[in-house]
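Me: Could you walk me through reading salt bridges in a model like this one?

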Amino acid sequence: LIPGLLRANQANVPVINLGPGVNQDALKEQGGHVDGIITVDFENQGKMVAEDMLKQMPDGGKVAIIQGIPGQSEGRTKGAKEVFENTEGVEIVSIQPGNWDRNTAYNIATDLIQAHPDLKGIFACNDVMALAAVEALETADKKDGIIVYGVDFTEEAQVAIKEGRLDGSITYSPSVYTKAALLLSLKIVQGEEVEGPVYSPLAVVNKENINDFDGWK
């Protein structure tokens, strides 16, 4: 994206970065910049999910984290890892990259329950991998007693939570996200300076509040 951003800078066209961030260091090295950033606090995503998982694990136990592609889900992993590590009675037994891939996550979950038959929780860094972990546990008849959470609150995840198969996910409102981007665009065009990134509010979805998210947008 950097060559396109540089052209926009040269043409004095303001640029707002939504979602995963452009590499700011690389952009600055080439003399470019973005005028605004709207994103999600990925570390807080991991933190909030881990905290909600632990509410369903009052006795603690062994947990595992299935990452995305190495380097692409560090924030979510870090947030969850810190919560788990700082909670007495909770032990992280595995952190492995699932590469955002369903088959890879399925195989990781299968191996996890064989290596750790007393596993109590799995945090997957997106819903695709979380649902794959659920499938692996169901195939092995091990889902009962193992909490599984994902990230993104996809339509498939919403159905799985309602069915009681997936325990939870975390989301943000795409419509609020879009409105924030438009408002930020207007502020920048009108000459206002906005310092630092603007973070979208997050919401944890679980079996208890899933019905509150019907028609979520």
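Reply: Gladly! Side chains of opposite charge can pair when their charged atoms come close. Here, Arg 102, Glu 135 and Glu 156 are linked in a network of salt bridges, a salt bridge being a side-chain nitrogen of Lys or Arg within 4 Å of a carboxyl oxygen of Asp or Glu. The model is predicted, so local features need pLDDT of at least 70 and side-chain atom pairs pLDDT 80 or more, while totals for chains, interfaces and linings use all residues. Residues are numbered from 1 along each chain as its sequence is written, and side-chain values use heavy atoms, without hydrogens or water.

Me: How many salt bridges does this rule give?

Reply: The count is 14. One of them joins Lys 143 and Asp 167, with N to O at 2.9 Å. This pair links distant parts of the chain, 24 residues apart: Lys 143 sits in the loop between α6 (127-139) and β6 (147-149), and Asp 167 in the loop between α7 (155-162) and β7 (168-171). Helices (H or I, at least four residues) and strands (E, at least two) are DSSP runs, numbered from the N terminus.

Me: Is Lys 143 buried or exposed?

Reply: Lys 143 counts as buried, at 13% relative accessibility, and Asp 167 is buried too, at 2%. Buried means under 20% relative accessible area, exposed over 50%, and partly exposed in between (1.4 Å probe, protein chains only).

Me: Which residue forms a salt bridge with Asp 52?

Reply: That is Lys 55, with the closest N and O atoms 3.9 Å apart. Both lie in helix α3, three residues apart, about one turn of the helix. Asp 52 is buried at 9%, whereas Lys 55 is exposed at 66%.
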